Amino acid sequence: MEAMVRLGVFLGIFVLMAAWEWFRPKRRLSLQRRRRWPVNLGLAILNVGVMRLSIGAAAWLAANWAAEQHIGLFNVLPVPRWLSIVLSLLLLDLAIYAQHIAAHRWRWFWRLHQVHHTDMDFDTTTAVRFHPLEIMLSMLYKVALVVLLGADPVAVIAFEVILNGCALFNHGNVGLPPVVERGLRYLIVTPDMHRIHHSAFQPETDSNYGFSLSCWDRLFKTYCPQAREAQATMTIGLSEFRESAELGFVGLLALPFRRSRSR
């Protein structure tokens, strides 16, 4: 049930974003989709397979176990269920923001996370370009958070759906009308806001860490409102990885284990 809900929402948003990008792209892609999409979607399929064969829906199962054992903050405090769900969503989103900062600042974690940033283009498939080890570590982190919070199983499913949906949206190669962009950015992370995070200019790469809510970047002063280059022409990716030949499917799986290059 949990997997079907997530998959259904994911596929729906993916098709919508891919169609939007096809008809109204923000940027011209430097590599054709037939060269990039098999790599990015191949990683996504591999990650789904690895997760299903290992820890799977561990966060949702952990939420049910914590509720049965009466473990965790919201399973102990006498708060209404609706409030525990809302607070769980907020705190889980904050925790993912913190994890994202750690992925950039801890060298061993960056070795995994750089797989996501080596994409030299930026579209909705970039949202699923992650190394399997990072996906597994992220799930274990969420399991610990879910148990500590005593997060409601409904909140866990909702959070995963929101996180995946927002990632597909804010990695989109699309643009919004300026007035909509400015207003929406006060609530959620927009494509223009997150595209700055994928800039090859390191001070911009190390900003705009939010995936869903944009408030964390403003609150913790990691917000960059505008890139130094125009959005349509800014350089995407990492300056140390500019050869597409080394960024194929197998190359990305091996990337964290290669000799580190300076940022």
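This is a tour of a predicted model, stop by stop, with what to select and what you will find there.

Some ground rules before you click: numbering starts from 1 along each chain as its sequence is written. Local features need pLDDT of at least 70 and side-chain atom pairs count only at pLDDT 80 or more, while totals for chains, interfaces and linings use all residues, and side-chain values use heavy atoms, with hydrogens and water left out.

**Whole chain**

Start with a cartoon view. Switch to the C-alpha trace, and its span along the principal axes is about 55 × 40 × 35 Å. The radius of gyration is 18 Å, which agrees with the value near 18 Å for a compact globule of 263 residues (taken over C-alpha atoms; the globule rule is 2.2 Å times the number of residues to the power 0.38).

Colour by accessibility next: 52% of the 263 residues are buried (buried is under 20% relative accessible area, exposed over 50%, partly exposed in between, with a 1.4 Å probe and protein chains only). Of the contacts with a separation of 6 or more, 74% join residues 24 or more positions apart (a contact is heavy atoms within 4.5 Å).

**The largest pocket**

Select Arg6, Val48, Val128, Ile135 and Asn164, which lie nearest the centre of the largest pocket. A pocket here is an open set of points on a 1 Å grid over the protein atoms alone, where a 1.4 Å probe fits, with protein on both sides within 12 Å along at least five of seven lines; lining residues have an atom within 4 Å of a point. The space inside comes to about 1,100 Å³, a volume being the space filled by probe spheres set on the points, which are joined across faces, edges and corners.

Now show the helices around the pocket: H1 (2-23), H2 (33-53), H5 (81-105), H7 (132-149) and H8 (153-170) each give at least two residues to the lining. What is the lining made of? It divides into 23 nonpolar, seven polar and five charged residues (Ala, Val, Leu, Ile, Met, Phe, Trp, Tyr, Cys and Pro are nonpolar; Asp, Glu, Lys and Arg charged; the others, Gly among them, polar).

Show side chains for Leu92, Met139, Val146, Val156 and Phe211. These have the most contacts inside the largest nonpolar core, which has 27 residues (a core is a set of buried Ala, Val, Leu, Ile, Met, Phe, Trp, Tyr and Cys residues joined through side-chain atoms within 4.5 Å). H1, H2, H3 (58-69), H5, H7 and H8 each supply at least two residues of this core, and H7 has the largest share, with six. Zoom in on Leu92: leaving aside neighbours within four places in sequence, Leu92 is in contact with Leu145, Val146, Leu149 and Phe159. Apart from this core lies another, of 11 residues, among them Leu31, Val39, Trp110 and Phe241.

**Helix H6**

Select residues 107-117. Eight of the 11 residues of H6 are buried, including Phe109, Trp110 and His113. Their cover includes H2, H5, H7, H10 (191-197), H11 and H13 (249-254).

**Leu247**

Move to the loop between H12 (215-219) and H13, where Leu247 sits. Leu247 counts as buried, at 8% relative accessibility. Beyond neighbours within four places in sequence, Leu247 is in contact with Val39, Thr118, Met120, Arg129, Phe241 and Leu252.

Setting aside neighbours within four places in sequence, Tyr223 is in contact with Arg185, Met193, Asn208, Asp217 and Arg218.

Click on Asn208, in the loop between H11 and H12. Its phi is positive, about 50°, although Asn208 is not a glycine. Most residues other than glycine have a negative phi. Lys221, in the loop between H12 and H13, has a positive phi too, near 60°. Which of these is buried or exposed? Asn208 is buried, with a relative accessible area of 0%, whereas Lys221 counts as exposed at 76%.

Technical notes
Helix = DSSP H or I, 4+ residues; strand = E, 2+ residues; numbered from the N terminus.
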